[in-house]
Amino acid sequence: MGNTLGLAPMGALPRRSPRREEPLPNPGSFDELHRLCKDVFPAQMEGVKLVVNKVLSSHFQVAHTVHMSALGLPGYHLHAAYAGDWQLSPTEVFPTVVGDMDSSGSLNAQVLLLLAERLRAKAVFQTQQAKFLTWQFDGEYRGDDYTATLTLGNPDLIGESVIMVAHFLQSLTHRLVLGGELVYHRRPGEEGAILTLAGKYSAGHWVATLNVGSGGAHASYYHRANEQVQVGVEFEANTRLQDTTFSFGYHLTLPQANMVFRGLVDSNWCVGAVLEKKMPPLPVTLALGAFLNHWRNRFHCGFSITVG
């Protein structure tokens, strides 16, 4: 008998092409796990500050900052930055050299280098007048779906002291990232290590991050409600200091008014807010901030003008 049902033979059935899974993304740096949440909170302001930015070329720019405060002497900072030709992303350009010097002669400097396509290096130096306070060297390797970093802080071969920090992050899925941090310190008569485990889960409009270790815990939650409203919640616990802090922050953007408003409330009875206002067509940004600690009965406010 023939094929009375009209079914095609097995060999004639169309074959489904295998589904190609998208590769897992790189998880980024360990220090950036909580960045989305932290960017929601306002920065502390106190006194009066004037910042003048000047772009000298496509590679070099400088900034002058004058700060006057009732808590200390007036200060001046000169900030200079050089950016090379190798741009990997809108926020990553190599090589990069950044320096900041104040009126007392203290210097903070960073050098970022791209040694290979996946290997990056960073050197950080900090001086106070004529004395070195900090020298730090970082090496970071970014694979297709993981990031490994090794940091050496204040290495002293003569004094037999060093601080070593190792980070590792692995993307398990497109939304889940797991990793850890190992901090090892050694100096004469003292030696120890602290292990911290970390995880981050990213959804369409929110990101939850958790760090847990013997030194404490740090949890954050970031939520983007719409193009104008963002909120963030942070929880930090320190086992050594026996201290726990809970903070709530929000970020409100008013594009028609060229304004950005940030505010915070925490469990230490602190409230604060910063309002930023751009003044187009002038390259001027005004910022006004106020912070009040009800528990300690402390209040401070600040005002800044940024040109350029």
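Strands E10 and E11 form a hairpin with two residues between them, strands being DSSP runs of E with at least two residues, numbered from the N terminus. Gly189, in the turn of this hairpin, has a positive phi of about 85°. The model is predicted, so that local features need pLDDT of at least 70 and side-chain atom pairs count only at pLDDT 80 or more, whereas totals for chains, interfaces and linings use all residues. Residues are numbered from 1 along each chain as its sequence is written, and side-chain values use heavy atoms, with hydrogens and water left out.

E10 and E11 (residues 190-202) run antiparallel and are joined by 12 bridges; two strands count as paired if DSSP finds at least two bridges between them. Within this pairing, Gly179 has Ala198 of E11 as its bridge partner. E10 (residues 176-187) is also joined to E9 (residues 161-171), by 10 bridges and again in antiparallel orientation. Ser171 has Val177 of E10 as its bridge partner. E9 and E10 likewise form a hairpin, with four residues between them.

Ala290 lies in strand E18, which spans residues 284-293. With a relative accessible area of 32%, Ala290 is partly exposed, a class between buried (under 20%) and exposed (over 50%), computed with a 1.4 Å probe on protein chains only. When residues up to four places away in sequence are not counted, Ala290 touches Val271, Gly272, Ala273, Phe299, His300 and Cys301, contact meaning heavy atoms within 4.5 Å. Gly263 is 27 residues from Ala290 along the chain, and the C-alpha atoms of these two residues are separated by 9.7 Å.
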